[in-house]
Amino acid sequence: MTELDKRLDHLLNGRKQKNRFRSFKEYDTSSESGLVDFSSNDYLSLTSSKALRKAYLSKLSSTPNIFGSTGSRLLSGCTPAHSALEKRFVSFFGSPSALLFNSGWDANVSFFATVPQPADWVIYDELVHASVHSGMRASRVPPERRIPFPHNDPKALAEVLETITSTSSSNDRSTVFLALESLYSMDGDFSPLPALLDVMGQNVPRSRQCVVLDEAHSTGVYGDQGRGVVHALGEEGGAQGGKRGEGRVDVRLMTFGKAVGCSGAVLLCSPTVRSFLVNFARPLIFSTALPHSTVIALDCVWDVLQSEEGDQRRRSLVVISAYIHSQLDILLARTPRDILHLPPDHNIPFPDSDAPNLPPKPGSPILGLLTPQPHALSAFLLERGFIVRPVVPPTVPPGGERVRICLRAGMRKEVIDSLIEALRLWVDSRVEEDRGVRAKL
Ligand SMILES: Cc1ncc(COP(=O)(O)O)c(C=O)c1O
């Protein structure tokens, strides 16, 4: 073993002892395997759409360029197909401009590493994605000007904003960035977006605000034809030609790796922010642009999202999400909290949930089931044919250990029933075990 390998091995052993060791696990999720995948983010089951597959193969066979883009967007990788896709997104999402990235990770890192300047503030929900943290760390904004606030808590946000505005002078021109997600991937809860935007409006002049919303888990799923939560709430903003849109969300991130079934992302922002990123965002400047095959796939996916098939898939996801909540509520009502429970605010209704295309209450397709024994529960469920992955620190805070259930539009109610039955067996076995331990004392 080299000295380097020895040192790394020592560090890895430390992780193993803390039960935090990560490794790849391969599962056969083909229909023959009998396994049901509750870990995939393929919320609309689009990766198994026959119509999409047919359209994609047909378009591939009739398009001359289908392989790699062969260079960064600043070199050979800016093709008419890339620009046409961005134009499609500008019009579809109602944004002043759009910029493609190779992943949501790259887009968040690029934005937060370059756009906020040293005198600005970045206020963020404590549960925002790791990519926002990596971006902030690489930025020139000093750590004391990057402030988290407790998850989804408008009051706590108000306190943070009051503190920073009380210390700033009347001619302060700094920007206050607010980083949020529409649907949080670990707790599976929605952001109380209108309330948070109201708080922002009460504390920071509009000209000094920049609200950035990550729609990774709502792209394609919510809003008219899948335009996202911000669009459904009429909050799409961003400035063009010096004029600011009516909405209060300035920058949106839509990603393609989850419900869209491909990979990559698009940042919806003002033309100035776009141009700034093209000039300074290293993951964009120094990396090969999305391959043609992906650009073609995205075009085909958007044809489906904008069709009756897309509407049907979105409706099915809402139905199956409501169903699992109703069944889980029954199970959890008789389950001791220390065995299994949902995060505290999980069932808070989506703000304005009567608006069309927004999820009804409770509508989240992501459920984080908190348990002190996530690995054991995951193994128990796998033995019964369900892939439900454990999530442990540092991905979630200590004490937030859980298994995560992600639903897909194509799932049938019977599959949900079988999963709930398996969870019930697990709960009963834990209750029995606890009783045995208490009887011995
Ligand atoms: C909220 C959020 N933002 C960004 C990302 C990164 O997106 P991508 O997988 O496209 O890199 C993820 C992926 O897990 C995410 O959950």
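Which residues are buried in α14? Please describe the surroundings of that helix as well.

Modeller: The model is a predicted one. Helix α14 runs over residues 413-440 and has 28 residues. From its first C-alpha to its last, α14 reaches 41 Å, which is close to the 40 Å expected at 1.5 Å a residue. The buried residues of α14 are Val415, Ile416, Leu419, Ile420, Ala422, Leu423, Trp426, Val427 and Arg430. An α-helix has 3.6 residues a turn, so residues three or four places apart point the same way. Among the elements that cover the buried residues of α14 are the helices α12 (308-333) and α13 (374-383). The cover also includes the strands β1 (36-37), β11 (366-370), β12 (386-387) and β14 (402-406).

For orientation, the sheet may be described next. Seven strands form this open sheet, in the order β2-β10-β9-β6-β5-β3-β4, with mixed pairing. Because β2 (97-101) and β4 (146-149) stand at the edges with a single partner strand each, one side of each is left without a neighbour in the sheet. From one strand to the next, the twist averages 20 degrees. Strand β4 pairs with β3 (residues 121-125) in the parallel sense, over four bridges, and Val122 stands opposite Arg146 in β4. Helix α5 (residues 130-138) packs on the sheet and touches β3, β4 and β5 (176-181); the direction of α5 makes about 160 degrees with that of β3. Helix α6 (residues 154-166) also packs on the sheet, touching β3, β4 and β5, and its direction makes about 155 degrees with that of β4.

Note on methods:
Residues are numbered from 1 along each chain as its sequence is written. This is a predicted model: local features need pLDDT of at least 70, side-chain atom pairs count only at pLDDT 80 or more; totals for chains, interfaces and linings use all residues. Side-chain values use heavy atoms; hydrogens and water are left out. Two strands pair if DSSP finds at least two bridges between them. Helices (H or I, at least four residues) and strands (E, at least two) are DSSP runs, numbered from the N terminus. Axes are lines fitted to C-alpha atoms, for helices over the stretch in contact, and angles run from 0 to 180 degrees between N-to-C directions. Contact means heavy atoms within 4.5 Å. The expected span of a helix is 1.5 Å times one less than its number of residues. Buried means under 20% relative accessible area, exposed over 50%, partly exposed in between (1.4 Å probe, protein chains only).
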